[in-house]
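Visitor: I would like to learn how to read a structure of this kind. Please take me through it feature by feature.

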Amino acid sequence: MSMMNQGRPTQPETSGSTGNPTFTGNRALMLEEPLIFEVGAPDVTGVDLEAVPPHASRLGALARTAPIGLPGLAEGEAVRHFTRLSRQNYGIDMGFFPLGSCTMKHNPRLNEKMARLPGFADIHPLAPQNTVQGALELIHRLAEWLKALTNMPSVAMTPKAGAHGELCGMLAIRAAHEARGDARKVVLVPESAHGTNPASAAFCGYAVENIPADVRGRVDFEALVARLGPDVAAVMITNPNTCGLFEPDLKRISDAVHAAGGYVYCDGANFNAIVGRVRPGDLGVDAMHINLHKTFSTPHGGGGPGSGPVVFSEALAPFAPLPFVVEADGRFHLVEEETAKAEQHDLSFGRMAAFHGQMGMFVRALAYIMSHGADGLRQVAEDAVLNANYILRGLEDVMSAPFAHTGPCMHEALFDDSFLKGTGLSTLDIAKAMIDEGYHPMTMYFPLVVHGAMLVEPTETEGRQRLDQFIGTMRHLAEAARSGPAEQFTTAPHFAPRSRLDETRAARQPVLTWQPPVEGRLAAE
Amino acid sequence: MRYYTRDHEWIDVDGDAATVGITDYAQGQLGDVVFVELPEPGRTVEAGKEAAVVESVKAASEVYAPVSGTVTEANQAVADDSSLVNSDPEGQGWFFRLTLSDPGQLSALMDETAYKSFVATL
């Protein structure tokens, strides 16, 4: 198969070709775009300022002696510059975006419409509470949904994203240990956990110890239980884990951790695979963050900020951060420092954010939840898992899926690079070839527990036609990788605005700011 | 005498002084190394615990101390030019030197033949 069904040729015109053969460097209406510093200068700016009348400068030695070097563009050219750049971007609104662990699902436009209502969009966080009752009620309603979906009694809405939520959960765990005078120093993190977990625990001052994964890609239960003891403050476990697999031992793990005096933090980044099907509170979890920007479809990855509310068990609820919304007699108010003692929340460890959280994301998430309803959310999880398994089974015979023999995956399909053995190609080469085919590559080289990992998360919003097209593309690439020539892959991408970049040089000798052209070179031109 | 660990560090021992680095197999797996974080001289390191960090275009990995001891020197050349880890991992690309606190720990490590057959199984 050398033609995709979009009709686009998949063979490079010339192997390793870089640059465009046209006079302008443009490729039809895909325009080559220089840096703004290269197209604009202060003398072509669209604004005419009157010359400054002669005056005595009081800056002395601080006066600037060289040109400031800012670009200047007429308005029309500035608009074109950024519009052209935006066309070179790739997002979920452009096409399939199977970035594993990131849950790049469609963001329904209804959410956007709701978030732009002036009563939500134009209010100030310091507005008197009696003037923003609707906004407070919305936060409260969303909190009630999150508590019901997780079967957890308390939720902190303020954390701004996933890792911020992890930090919030770990701070509550530390506060709970400190409140009983128990200075535990160790947090156990399984290999199958998200990469941010060890960083969050270390940031809280804990020593982090790894727990190995077993041959099924799950937490090694025996190894974890053997390490428990009076020095272990918590276990941070990701469920479904970062191999896209459900951790069936979580309840047993929680019981063992609690018996040893520790707490269980669950990374809920993959809650989208189990929402409506599994309630983490039933599995003995003490704290879990929920990525509204994954599970509940609020935009992320350049499209908007994250939001990571944290649900808490009965044991940790008293330590939850301020502020939070409570309802009394049909009115809503914030519990803050001034009122915390009176409302019996004086054990709170403090604040995660200055104000109440990501209001715009709360609106989007609640719009998503209410438009789906409880049964719809359950179907979201089921369809996400169905789509991932469709991809896993559609590719396992031509790629290599290390855990496919253990049964179905959850919301993401994990492959390793053993199918590339003997081809001289790597996971990176496959990812680059996918760009030529018009796909954003999957997550690669993560999780670390498998070699050359490729983690594919289709999400529930892709239909069967799109999945079949992706499977067809990947089958073609896997077969082409075996049949050669390798150069087709090692020099890819060939059709992107830039061909293969030198990642090593970019990391070793990063150029982070625009470098003005050398004076001599300018003169010579 | 050179010893190897299952985590792909090597250690050259001369009396109670030793030099530590990562093996050629390890650098091949990591890919191009872009950053190396080395321990300060004077720091005590514990066998099997983190002593340095190596970051490649693919991932950041911890380098464990093969045996316990006190760091006497970090290889500034590697800190300045991390590509030495790729070009000469078991020579100029060494990470740090240390004074052994318990030479008996060496008996738990592999010699070259044992390490080569270990790598062949991976």
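Visitor: Where in chain A does A:Ser297 lie?

Guide: This is a predicted model, and A:Ser297 sits in the loop of chain A between helix H10 (292-295) and strand S7 (310-312). The backbone angle phi of A:Ser297 is near 65°, which is a positive value in a residue other than glycine.

Visitor: Which residues are joined by a cis peptide bond with omega of about -10°?

Guide: A:Asn239 and A:Pro240 are joined in that way. A:Pro240 belongs to the loop between strand S4 (232-238) and helix H9 (250-259) of chain A. Another cis peptide bond links A:Phe446 to A:Pro447, with omega about 5°. A:Pro447 is placed in the loop between strand S11 (443-444) and strand S12 (454-456) of chain A.

Visitor: How many helices and strands are there in chain A?

Guide: Chain A has 17 helices and twelve strands. Its C-alpha trace spans about 75 × 75 × 45 Å along the principal axes. For 525 residues, a compact globule would have a radius of gyration near 24 Å, and the 27 Å of chain A agrees with that.

Visitor: How are two packed helices described?

Guide: The description uses the angle between their axes and the distance between the axes. Take helix H12 (residues 359-395) and helix H14 (residues 464-483) of chain A: they pack at an angle of about 30°, with their axes 10 Å apart. That angle makes H12(A) roughly parallel to H14(A), since angles under 35 degrees count as roughly parallel. The crossing of these helices, H12(A) and H14(A), is right-handed.

Visitor: Which residues make the contact of H12(A) with H14(A)?

Guide: H12(A) contributes A:Asn387, A:Tyr390, A:Ile391, A:Gly394 and A:Leu395. From H14(A) come A:Leu467, A:Phe470, A:Ile471, A:Met474 and A:Arg475. By class, the residues of this contact are seven nonpolar, two polar and one charged.

Visitor: At what angle do helix H5 and H12(A) pack?

Guide: Helix H5 (residues 133-150) of chain A packs with H12(A) at about 55°, and their axes are 10 Å apart. H5(A) and H12(A) are therefore oblique to each other. Their crossing is left-handed. On the H5(A) side, the contact is made by A:Ala135, A:Leu138, A:Ile139, A:Arg141, A:Leu142 and A:Trp145. On the H12(A) side, the residues are A:Met359, A:Phe362, A:Val363, A:Ala365, A:Leu366 and A:Ile369. This contact of H5(A) with H12(A) divides into eleven nonpolar, no polar and one charged.

Visitor: What is the angle at which the axes of helix H6 and helix H7 of chain A cross?

Guide: The axes of helix H6 (residues 162-179) and helix H7 (residues 196-203) of chain A cross at roughly 45° and come within 9 Å. H6(A) and H7(A) are therefore oblique to each other, and H6(A) passes H7(A) in a right-handed crossing. In H6(A), the residues A:Gly162, A:Ala163, A:Glu166, A:Leu167 and A:Met170 take part. They meet A:Thr196, A:Asn197, A:Ser200, A:Ala201 and A:Phe203 in H7(A). The classes here, for the contact of H6(A) with H7(A), are five nonpolar, four polar and one charged.

Visitor: What does the secondary structure of chain B come to?

Guide: Chain B has four helices and nine strands. From the N terminus on, its elements run β-β-β-α-β-β-β-β-β-α-α-β-α. The C-alpha atoms of chain B fill a box of roughly 35 × 35 × 20 Å along the principal axes. With 122 residues, a compact globule would have a radius of gyration near 14 Å, and chain B agrees at 13 Å.

Visitor: How many residues does the contact take from chain B and from chain A?

Guide: Six residues come from chain B and six residues from chain A. The side of chain B that touches chain A has three nonpolar, one polar and two charged residues. For the complex, the predictor gives an ipTM of 0.74 and a pTM of 0.86.

Visitor: Where in chain B is confidence lowest, and where is it highest?

Guide: Where pLDDT is low, the predicted coordinates should not be read in detail. In chain B, the mean pLDDT is 94, and 100% of the residues reach 70 or more. Confidence in chain B is lowest in strand S7 (residues 60-64), at a mean of 91, and highest in strand S8 (residues 69-74), at 97.

Conventions:
Residues numbered from 1 in each chain as written. Chains lettered and ligands numbered in written order. Predicted model: local features only at pLDDT ≥ 70, side-chain atom pairs only at ≥ 80, totals over all residues. Axes fitted to C-alpha atoms, helices over the stretch in contact; angles between N-to-C directions. Helix = DSSP H or I, 4+ residues; strand = E, 2+ residues; numbered from the N terminus. Parallel < 35°, antiparallel > 145°, perpendicular 65-115°, else oblique. Left-handed = near helix turned anticlockwise from the far one by under 90°. Contact = placed C-beta atoms within 7 Å. Nonpolar A, V, L, I, M, F, W, Y, C, P; charged D, E, K, R; others polar. pLDDT = per-residue confidence, 0-100. Rg over C-alpha atoms; globule rule 2.2 N^0.38 Å.
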